Amino acid sequence: MKPEFQATFQHDVEAVDQYLYSNGYISKSDDEEQKVVDAEYYALTAGGKRIRPVLCIEFYKLFGGKGDVTEIASCLELMHTFSLIHDDMPEMDNDDMRRGKPSVHCAYGVDTALLAGDGLAILPFEIISDKALSGDISPETAMKLINCLSKAAGNQGMIMGQQLDLISEGRQVDLKFLKRMSSLKTGCILSASAQFGAILVGTDEENVKKAAEYAENIGLAFQIVDDILDITGSENEFGKPIGSDEKRSKDTYATIMGIDSAYKEAKRYTESAVAAISSINGSELLCELAYDLLNRKH
């Protein structure tokens, strides 16, 4: 990514981090009664790429937005972190490490981890509705955001993708199944993130569709690269154990297609993502971001 784009991306990340570390909804506490909130804070501040809130911010700017939407953008990171907490639990992927630190259920116990994930899943709707009640956004915009996020995260979105992931363990699946699973598990929240930016601006439906198409394609590419890194990556860079898919007897793009062919497939989705928005003036950062995600090492 060009230095000027990298600087913009880093500015977005720092703004999101500042909000996540200091917002009035979640804060670190030694109070036993606040253990679940402390667990949420632990998960949110463990690091991460912050891709989802950045997509919201950058699509907001791409379509002409001028204000600060960091708080609403951070709602996407809250929902994403909820999914990671539950994904790591023994009932799901049973991963003990996340981003180089003990997973929430290892640090706080399975019971508190379950509640922490639930809390983070609900909080975005509180934040968005608070923004509407305070007059920062219109009630109509709030309804559109809530509708978009609830569909993306719900039982026909990310949660369905997680269910498909569970039932894929120990059985042979085909590429059609993997694409559907990835589109739901990874692509839905990424798509919602890009759409959030467009919705906040109030742009036309055609632009909302372009944002969604971009994000859906980088979601598919992202999952394929994840599958490749689970075989070829470094545990230190990846921040969690390598080879977890093989341990759970899961077919992935990398195991079905082979690493080279899987990478070519990820590149094809990346090019489709870029094609969806490249004609829009000012889309260069988002186009470069797509290729950066394709070539990431963690």
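Predicted model: local features only at pLDDT ≥ 70, side-chain atom pairs only at ≥ 80, totals over all residues.
How many residues apart are Glu58 and Lys61 in helix 3, and about how many helical turns separate them?

1. Glu58 and Lys61. These two are three residues apart in helix 3 (residues 51–62), which puts about one helical turn between them. An α-helix has 3.6 residues a turn, so residues three or four places apart point the same way. Glu58 and Lys61 form a salt bridge, with 2.8 Å between the closest N and O atoms.

2. Arg99 and Glu77. Here the salt bridge has its closest N and O atoms 3.9 Å apart. Arg99 is partly exposed at 23% relative accessibility, whereas Glu77 is buried with a relative accessible area of 1%.

3. The network around that pair. Glu77 and Arg99 are also members of a salt-bridge network that includes Asp17 and Arg50. Arg50 is placed in the loop between helix 2 and helix 3. With 2% relative accessibility, Arg50 counts as buried. In total, the count of salt bridges in the model comes to 14.

4. Two positive phi angles. Both arginines of the network deserve a look at the backbone too. Arg50 has a phi near 60 degrees, which is positive although the residue is not glycine. Arg99 likewise has a positive phi, near 55 degrees, and is not glycine either. Each of them is in a loop: Arg50 between helix 2 and helix 3, Arg99 between strand 1 and strand 2.

5. Arg296 and Asp226. What separates the closest N and O atoms of this salt bridge is 3.1 Å. Arg296 is in the segment after helix 15 (284–294) and Asp226 is in helix 10 (residues 205–232), so the bridge ties together parts 70 residues apart in sequence. Both ends are covered: Arg296 is buried at 9% relative accessibility, and Asp226 is buried at 18%. The cut-off matters for Asp226, because buried means under 20% relative accessible area.

6. Helix 4. Helix 4 covers residues 70–88, and at 1.5 Å a residue it should span 27 Å; the C-alpha atoms at its ends are 27 Å apart, which agrees.

7. A negative patch. On the surface, Asp30, Asp31, Glu32 and Glu33 gather into a patch of negative charge. One of them, Glu33, has its place in the loop between helix 1 (3–22) and helix 2 (35–44). Glu33 is exposed, with 69% relative accessibility.

8. Asp95 is in the loop between helix 4 and strand 1, and it is buried at 6% relative accessibility. Its C-alpha atom is 17 Å from that of Glu40, a residue 55 places away along the chain. Cys148, in helix 7 (residues 139–153), is buried as well, at 11% relative accessibility.

9. Gly258. This glycine is placed in the loop between helix 13 (253–257) and helix 14 (259–277). Gly258 is partly exposed, with 25% relative accessibility. From the C-alpha atom of Gly258 to that of Ile228 the separation is 8.8 Å, while the two are 30 residues apart along the chain.

How values were computed: Residues numbered from 1 in each chain as written. Heavy atoms only, no water. Helix = DSSP H or I, 4+ residues; strand = E, 2+ residues; numbered from the N terminus. Expected span 1.5 Å × (residues − 1). Patch = residues over 30% accessible without salt bridge, like charges linked within 9 Å, V, L, I, M, F, W, Y side chains within 5 Å. Areas by Shrake-Rupley, 256 points an atom, 1.4 Å probe, with all protein chains shown as cover. Salt bridge = Lys/Arg side-chain N within 4 Å of Asp/Glu carboxyl O. Lys, Arg positive; Asp, Glu negative; His and termini not counted. Charge placed at Lys NZ, Arg CZ, Asp CG, Glu CD. Buried < 20%, exposed > 50% of the residue type's maximum accessible area, 1.4 Å probe, protein only.
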